[in-house]
Every structure is written in C-alpha cells, then in structure tokens.
Amino acid sequence: MQIMVNGTATEVQGETLASVLGELGYGDAKIATAVNGDFVPAAARDVPLAPGDRVEIVAPRQGG
C-alpha cells in the first residue's frame, strides 16, 4: 500500500506501524512516531495503517 512517510509517498508491505518501521530500517531505533497527526507511543505501534495514512518519524540528533 502507499502511505506518506515524512511527506514522501512511500510504498510499503507492512500493515502496522511497527512492521512498516521495521521495513524502513527503524526496527530498534530511538524514534518518535505519529500517524495522521496523532502521537503513537513505542508501546502502541501495532496500530494498523491504511492506504494514504500519514506517518511521521522523528529521530533525535545531537549537535549544536
């Protein structure tokens, strides 16, 4: 299905946020996520996704 990941149309095979994160290489990464503008805690990432959903993935960065 096609979803939007950080504003980019992305074709994914996974049907949940957790599976899509694994598919995109974020499996064990410390990240924050949102689906359609709603924050999704790490413990609740089994949320199902639907075509057209908007997923935001934010990774912390160090620097100054």
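How many bridges join β3 to strand β5 (residues 54-58)? The tour reaches that pair after a look at the whole chain.

**Before you start**

This is a predicted model, in which local features need pLDDT of at least 70 and side-chain atom pairs count only at pLDDT 80 or more, while totals for chains, interfaces and linings use all residues. Residues are numbered from 1 along each chain as its sequence is written, and side-chain values use heavy atoms, with hydrogens and water left out.

**Stop 1: the whole chain**

Select the protein chain. One helix and five strands are found there, in the sequence pattern β-β-α-β-β-β. Helices (H or I, at least four residues) and strands (E, at least two) are DSSP runs, numbered from the N terminus. The C-alpha trace spans about 40 × 25 × 20 Å along its principal axes. The radius of gyration of the protein chain is 11 Å, which agrees with the value near 11 Å for a compact globule of 64 residues; this radius is taken over C-alpha atoms, and the globule rule is 2.2 Å times the number of residues to the power 0.38.

Of the 64 residues, 28% count as buried. Buried means under 20% relative accessible area, exposed means over 50%, and partly exposed lies in between (1.4 Å probe, protein chains only).

**Stop 2: the sheet**

Now select the five strands. They make an open sheet in the order β2-β1-β5-β3-β4, with mixed pairing. β2 (8-11) and β4 (38-40) stand at the edges with a single partner strand each, so one side of each is left without a neighbour in the sheet. From one strand to the next the twist averages 35°; axes are lines fitted to C-alpha atoms, for helices over the stretch in contact, and angles run from 0 to 180 degrees between N-to-C directions.

**Stop 3: β3 and its two neighbours**

Select residues 32-35, which are strand β3. Four bridges join β3 to β5, and the two run antiparallel. Two strands pair if DSSP finds at least two bridges between them. β3 also pairs with β4, in the antiparallel sense, over three bridges.

Pick Val 35: opposite stands Val 55 in β5, and Asp 38 in β4 also stands opposite Val 35. Thr 33 stands opposite Val 40 in β4. Then go to the hairpin that β3 and β4 form, with two residues between them; Asn 36 in the turn has a positive phi of about 55°.

**Stop 4: Thr 10**

Move to Thr 10 in strand β2. Thr 10 counts as buried, at 17% relative accessibility. A polar atom of the Thr 10 side chain lies 2.9 Å from the backbone oxygen of Thr 8. Not counting residues up to four places away in sequence, Thr 10 touches Met 1, Gln 2, Ile 3, Val 5 and Leu 24; contact means heavy atoms within 4.5 Å.

**Stop 5: Met 1**

End at Met 1, in the segment before β1 (2-5). Met 1 is partly exposed, with a relative accessible area of 24%. Leaving aside residues up to four places away in sequence, the residues that Met 1 touches include Thr 10, Leu 49, Ala 50 and Pro 51.

How values were computed: A polar contact is a pair of N or O atoms within 3.5 Å; within protein, one must be able to donate a hydrogen and the other to accept it, and residues adjacent in sequence count only if both atoms are side-chain atoms.
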